[in-house]
Amino acid sequence: MFSESIINKVAVLGMSARYDASCSSSGSKRQNTAGSTGNGAFAGICHSWSDDGRCVSLLKILQSNACSYNCAYCINRASNPIERASLEPRELAAITMEFYRRNYIEGLFLSSGVCGNSHNAMERMVETLRILRKEERFNGYIHVKAIPGADTALVEKAGKLADRISVNIELPSQSSLALLAPQKKREAIITPMRYISERVQEAKENKRQHGRPTPFAPAGQSTQMIVGASPENDRQIMELAGAFYRHYGLKRVYYSAYVPVNKDERLPALSAPPLWREHRLYQGDWLLRYYGFSADELLRGGEGNFSPYFDPKTQWALANLHFFPVEVNKADYELLLRVPGIGVKSAKRIITARRVCYLNHDDLAKLGVVMKRACYFITTKGKYCGGYPMEADILAKVLRDRKAPQMFQPSLQMVLPI
Ligand code: SF4
């Protein structure tokens, strides 16, 4: 049993960690071994959600919230008069094991404020991980944050002990970082990110060449960006995310709607977090990773922001109507993926199904195509059933109103050549 003081520390440090969004745990294949405790799950192991909608099923906690930095947007900044607490590595390891045995959690998501300096903070987290892995033989999922500015040797140790390691980019530009988090330097964030990327690649290559299990961050690395605390638009954010995926092979970029917790004249006056914007960025990110879109084509022209009315693919389609309508019986896979309402699974099913027959609208619905969106952008056997002329303004209005095409005048139906 834990003392009241430790339970109080856990409550304080759990609350201090609640604004960190990047706690998804997918991607690890760590298997249980004889004499060890726990299993890293291949699929996500986040099963519960906090009251603000974030997944918190891992034990999500800070080693310490006694931070010496003063980031304008952060509840834990040094100038805030909040209750401070720190857990010793051995205390935190014992808590993790106890929670695991009681089936409260399936893994650990560990971060820390910069207590003392970045090296000290990272060293304490690494020691917690060492106790868990080497002494307690904990085999469950661990995601650890690397503290920018910490020694590379510590990042190396963390990568060997954790499933996933991440370095938060925090803000989308150098100028915003300088304004809102002046003690953090972009280079101190990018350097460990690059190092982790190289080590992950090296481990994969070793495994490929020699068949050895990968010893470094098998679930890869991720990062997190705060959205809405600084003036960058969605295009800048998507371009940065795209560069991270391309150059550093990140598994995920997390977007965290800025939560106004501090009064600070450097911050925008928001009454609530811009959650719809966060949602749109996740949709756009999905298009980058799985649909073959590049960041610059997603938001070319205009103000460079996603629309509150349309998902990013629909917004792109309305701005690029010259690609449409797409004949589903002939279009290649990449083009099918660009049709609103056609996802990765349904595009693959279309390719398979049309080998044996021509597909019509009814067939597409059975293959999982969301026809209430797709019908405005496709033809089947040359037939267009969108019910409206293919003009951006008209389709935008129809899609905003979300009315099914059969509710409108059938005389508008057009038949277009294949
Ligand atoms: S370094 Fe900045 S963001 Fe991190 S805990 Fe300290 S004040 Fe908060």
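**Salt bridges**

I looked up Asp264 and found that it forms a salt bridge with Arg77, with the closest N and O atoms 2.9 Å apart. Asp264 lies in the loop between β6 (252-257) and α8, and Arg77 in the loop between β1 (59-62) and α2 (89-101), so the pair ties together parts that are 187 residues apart in sequence. By salt bridge I mean a side-chain nitrogen of Lys or Arg within 4 Å of a carboxyl oxygen of Asp or Glu. The model is predicted: local features need pLDDT of at least 70, side-chain atom pairs count only at pLDDT 80 or more, and totals for chains, interfaces and linings use all residues. Residues are numbered from 1 along each chain as its sequence is written, and side-chain values use heavy atoms, leaving out hydrogens and water.

Asp264 is buried at 18% relative accessible area, and Arg77 is buried at 8%. Buried means under 20% relative accessible area, exposed over 50%, and partly exposed in between (1.4 Å probe, protein chains only).

I then took Arg90, which forms a salt bridge with Glu135, the closest N and O atoms being 2.9 Å apart. Arg90 is in helix α2 and Glu135 in helix α3 (residues 118-135), 45 residues apart. Helices are DSSP runs (H or I, at least four residues), as are strands (E, at least two), numbered from the N terminus. Arg90 is partly exposed at 48%, as is Glu135 at 40%. Arg90, Glu127, Arg130 and Glu135 are linked in a network of salt bridges. A search of the whole structure gives 22 salt bridges.

**Helix α10**

Is helix α10 enclosed or open? I found 7 of its 8 residues (312-319) buried, so α10 is largely enclosed by the rest of the structure. Lys313 is found in this helix. Lys313 is buried yet has no salt bridge, and the nearest side chain of opposite charge, Asp311, is 6.9 Å away (Lys and Arg count as positive, Asp and Glu as negative; His and the chain ends are not counted). The side chain of Lys313 reaches the backbone oxygen of Leu337 at 2.7 Å.

**Ligand shell**

Which residues surround the ligand? I listed Cys67, Tyr69, Cys71, Cys74, Arg77, Gly113, Val114 and Lys184, a residue counting as near if one of its heavy atoms lies within 4 Å. The shell divides into 5 nonpolar, 1 polar and 2 charged residues. Ala, Val, Leu, Ile, Met, Phe, Trp, Tyr, Cys and Pro count as nonpolar, Asp, Glu, Lys and Arg as charged, and the others, Gly among them, as polar.

Technical notes:
Polar contact = N/O pair within 3.5 Å; in protein donor to acceptor, adjacent residues only side chain to side chain.
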